[in-house]
Amino acid sequence: FLEGRVALVTGSTSGIGLAIAQGLGAAGARVAVNGLGSAAQVGAAVDAVRLAGAPDARHFDADLSDAAAIEKMMAALAEWGPADIVVNCAGVQHTAPIAEMPTATWDKLIAINLSAAFHTMRLALPGMAARGYGRVVNIASVHGLVASVNKSPYVASKFGLVGMSKVAGLEYAGAGSRDTGGVTVNCVCPGWVETPLIEPQIAARAEAVGGDRDAGVRELLREKQPSGRMSLPAEIADTVLWLCRRQSHNLTGAAIPIDGGWTAQ
Ligand code: NAD
C-alpha cells in the first residue's frame, strides 16, 4: 500500500530502524536508509531493505549529532524523494546517575535523540503538507512517558520527542484530506525491544545476579514489563506501518505504548 511513496528511516542500519525500513520497503516504499556503521554493515542494511521488497533503497550518510549534516542529507533526499514518510529512529543511551553524567554525553544524547528529529521534521513537513500526505513517526520510548533512574538525558530527550510530536501534530492537523491521507505526527513508545542497544543493560543485570544472559533478561523484564516478554523489532515496525495507512489520517499527536503493560501500572 506504499507504492510510489518514499520513506526516510534514521538509524536504520541496526535494530528497530532496520526492521522498520524493511517493513516499509516490503509495503512498496522506496527507502532512504540512514545510520552509522562500517561500509559492510551499511551495505548489508541496504541489501536487507531491497531483499524485503523495496523497489529502491539508498544510504543517506549523516551523523545526526550535526545539524549541518542533517540539512545536507535532507537536501539530497529532496531530490531523490521527497520523503512522504519520516521515521526518526536513531537513538543512543548512556546510563549514569545525574551527578555523574558527563556534560558532553548529555549534549550528544539530546542532539541525536531529540534535536535531529526537530531538524528532519522542520525540513520535511512543509512538503508533506503541500502534497496532502505525510507521516512522521518518532520512535520515543516508555521513557517518553515515565522515568527510570540513571537515564537523565535519555528520558529528557524522549519526553521532549513526545511533546514536540504533539506540537507538530497540531500544526499540521488540517493539512490534506481523508482522500489524500493527511499529515500526521505520532510517537511509538516501546518498552524493552531485543536489539544491540540494550545489551549492556542486560549484561549489567546478569552480572548483578551472577547469572547468564537469560537471567539478565528475566531480571530486566521482571522489574517493569509485566508481560515478561521483550518486543521484536519487526513487531514495532508493524505499528509504524499501520500509522502510515491512509485510514490512519485522524490518528495524530499520540504516543502509543508497546510495553507489555509497563505504563499501565
Ligand atoms: P540500535 O543501537 O540497534 O540502533 C540505533 C541506530 O541509530 C543505529 O542504526 C545507529 O547507527 C543509529 N545512530 C546512532 N547514533 C547516530 C548518529 N549520531 N547519527 C546517525 N545514526 C546514529 O538501537 P535500537 O534499540 O534499534 O534503538 C532504536 C530506537 O528505538 C532508539 O531511538 C531507541 O531509543 C528506541 N528504543 C529502543 C528500545 C529497546 O529496548 N531497544 C526501547 C525503547 C525505545
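**Entry 1: ground rules.** I noted that this is a predicted model, where local features need pLDDT of at least 70, side-chain atom pairs count only at pLDDT 80 or more, and totals for chains, interfaces and linings use all residues. Residues are numbered from 1 along each chain as its sequence is written. pLDDT is the predictor's confidence in each residue, from 0 to 100. The protein chain has a mean pLDDT of 97, and 100% of its residues reach 70 or more. For the complex, the predictor gives an ipTM of 0.99 and a pTM of 0.98.

**Entry 2: the sheet.** I looked up the strand order and found seven strands in an open, parallel sheet, ordered S3-S2-S1-S4-S5-S6-S7. Strands (E, at least two residues) and helices (H or I, at least four) are DSSP runs, numbered from the N terminus. Two strands pair if DSSP finds at least two bridges between them. Strand S3 (57–59) and strand S7 (255–258) are at the edges with a single partner strand each, so one side of each has no neighbour in the sheet. From one strand to the next, the twist averages 15°. My angles run from 0 to 180 degrees between N-to-C directions, with axes as lines fitted to C-alpha atoms, for helices over the stretch in contact.

**Entry 3: strand S5.** Four bridges join S4 to S5 in parallel, and Ile85 stands opposite Arg135 in S5. Is S5 mostly covered or uncovered? It is mostly covered, as seven of its seven residues are buried. Buried takes 20 or more other C-beta atoms within 10 Å of a residue's own, exposed 12 or fewer, and partly exposed is in between, with C-beta atoms placed from the backbone.

**Entry 4: Thr195.** I found Thr195 in the loop between S6 and helix H6 (199–209). Thr195 is partly exposed, because 19 other C-beta atoms lie within 10 Å. Its C-alpha atom is separated by 7.1 Å from that of Ile16, 179 residues apart along the chain. Leaving aside neighbours within four places in sequence, Thr195 is in contact (C-beta atoms, placed from the backbone, within 7 Å) with Gly15, Ile16 and Pro233.

**Entry 5: the ligand.** Of the 27 residues around the ligand, Gly11, Gly15, Gly35, Gly91 and Leu197 come nearest. A residue counts as near if its C-beta atom, placed from the backbone, lies within 6 Å. Helix H1 (residues 15–26) gives the largest share of the shell, three residues.

Notes: Contact = placed C-beta atoms within 7 Å.
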